[in-house]
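I opened this notebook to record what I looked up in one structure. The entries are grouped by topic.

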Amino acid sequence: MSSWKDNLRTIDPYVPGEQPQLKDMIKLNTNENPYPPSPKVKEVLQRFDLDTLRLYPDPDSALLVEAIAKRYNVENNQVFVGVGSDDVLAIAFMTFFNSKKPILFPDITYSFYDVWAALFNIPFERPALDDDFNLVAADYYKENGGVVIANPNAPTGIMQNEEFLRDVIEHNRDVVVIIDEAYVDFSGKSALSLTKEYDNVLIVQTFSKSRSMAGMRIGYAMGNPELIKAMNDVRFSYNSYPMTRLSVALGIAAIEDEDYFRKTTGQIVETREWTKERLTELGFSFGDSKTNFIFAKHATVDAEEIFAKLREKHIFVRHFNSERIKNYLRISIGTREEMEKLQALEVNGRIHFGELPVLEPRIREI
């Protein structure tokens with residue numbers, strides 16, 4: 001009898017958010033941007049020379065790297081690009097976390113971290129967030145093999161200030177500290193300046209949220225040149241052509257349209273703050289989200305019940321089954337119209353769901 005199964009690598013995989021394919025839905029479950037990419041992205045796409053797709057792309061993605069470096073006022077050799085920030089983070093885990101000491105990240109955070117750690121045989125510990133879902137700096141003072149902090153955090157939406165980050169970094173000068181800033185553009189404050197002071201800090205960002213490019217898969221990291229070179233060495237060891245010609249061309253167009261970026265992120269933040277007020281009136285409580293989602297629980301109705309009722313109306317939000325957060329919903333910020341549909345609820349001791357109208361499919365513009 002064949003024993004090939006004995007040599008399989010088995011792991012509990014990351015479970016991404018549901019991607020329903022309904023025409024009449026309001027999709028608020030995966031933190032996508034409700035607005036289309038920059039009009040400049042559309043222009044580049046329409047002009048794109050399909051014949052070039054028969055050729056391999058530039059392995060260095062030099063033009064995209066240059067555009068990102070220019071946007072953030074760093075040198076080209078301080079920028080690494082990958083197929084979404086998940087790819088970037090996975091490569092960072094492989095590159096920097098190779099000691100026998102456990103890496104540290106919170107018990108409630110992006111749930112891919114422990115999957116990568118298990119996949120790459122990296123020991124890890126998950127210090128618990130406090131009762132208000134804040135990180136506790138002292139938990140990161142002990143000896144470790146590296147630190148990963150999502151800031152703002154997901155799924156909580158809470159952001160730690162620069163003083164907190166500096167404190168953690170000062171206590172971890174001998175390991176790499178990764179700050180995952182997937183949602184930072186909705187907070188107004190990146191920790192990028194810390195990379196000028198500390199050679200062990202890596203900032204990771206993405207085009208998926210604030211630049212409306214989740215379907216294109218573009219992520220990037222910024223840090224000192226030695227960190228970036230080490231990541232490139234690992235990346236080129238298994239995939240020398242990670243970024244397609246199309247993703248490079250569209251990524252450049254997206255990051256160069258600063259006016260559109262500020263307009264759309266500003267509108268999402270405005271809608272988020274309005275949604276906070278309405279959810280409070282409906283009996284929900286939540287932290288001060290600095291992302292494009294709100295992590296909320298209701299005073300009297302279980303999250304699973306609300307999730308199911310909304311799903312019946314083709315309104316999709318995210319529910320997690322983990323013990324500490326099973327009574328919370330993560331609600332992405334859509335257009336103002338979509339958030340009004342979500343909140344077409346009446347509260348009378350419990351939430352009563354009436355016949356909620358749903359949006360007809362259309363091209364959203366801003």
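**Basis.** I worked from a predicted model, in which local features need pLDDT of at least 70, side-chain atom pairs count only at pLDDT 80 or more, and totals for chains, interfaces and linings use all residues. I numbered residues from 1 along each chain as its sequence is written, and side-chain values use heavy atoms, with hydrogens and water left out.

**Sheet.** I took helices (H or I, at least four residues) and strands (E, at least two) as DSSP runs numbered from the N terminus, and I counted two strands as paired if DSSP finds at least two bridges between them. I found an open sheet of seven strands with mixed pairing, in the order 2-8-7-6-5-3-4. Strand 2 (79-82) and strand 4 (124-125) are at the edges with a single partner strand each, so one side of each lacks a neighbour in the sheet. Strand 2 runs antiparallel to strand 8 (residues 219-222) over four bridges, and I noted Tyr220 in strand 8 as the bridge partner of Val81.

**Helices on the sheet.** For contact I used heavy atoms within 4.5 Å; axes are lines fitted to C-alpha atoms, for helices over the stretch in contact, with angles from 0 to 180 degrees between N-to-C directions. Helix 3 (residues 84-96) lies across several strands, including strand 2 and strand 7 (201-206), and runs at about 160° to strand 7. Helix 7 (residues 225-236) touches strand 2, strand 7 and strand 8, and its direction makes about 30° with that of strand 2.

**Cores.** I defined buried as under 20% relative accessible area, exposed as over 50% and partly exposed as in between (1.4 Å probe, protein chains only). A nonpolar core is a set of buried Ala, Val, Leu, Ile, Met, Phe, Trp, Tyr and Cys residues joined through side-chain atoms within 4.5 Å. The largest has 49 residues, and Val81 and Phe133 are among those with the most contacts inside it. A second, separate core of 28 residues includes Ile91, Ile103, Trp116 and Leu202.

Strand 10 (residues 293-298) has five of its six residues buried. Strand 10 also pairs with strand 13, in the antiparallel sense, over four bridges. Which strand holds Ser332? I located Ser332 in strand 13 (residues 329-332). Ser332 counts as buried because its relative accessible area is 2%. Its side chain makes a polar contact of 2.7 Å with that of Asn31; the term requires N or O atoms within 3.5 Å, and within protein one must be able to donate a hydrogen and the other to accept it, while residues adjacent in sequence count only if both atoms are side-chain atoms.

**Helix 9.** Helix 9 (residues 258-281) has 24 residues and spans 35 Å from first to last C-alpha, close to the 34 Å expected, a figure that is 1.5 Å times one less than its number of residues. Its buried residues include Phe261, Ile268 and Trp274.

**Backbone exceptions.** I recorded a cis peptide bond between Asn151 and Pro152, with omega about 0°, and another from Ala154 to Pro155, with omega near 10°. Ser61, not a glycine, has a positive phi of about 50°, and Ser61 is buried at 1% relative accessibility. His314 has a positive phi of about 65° and is partly exposed at 25% relative accessibility.
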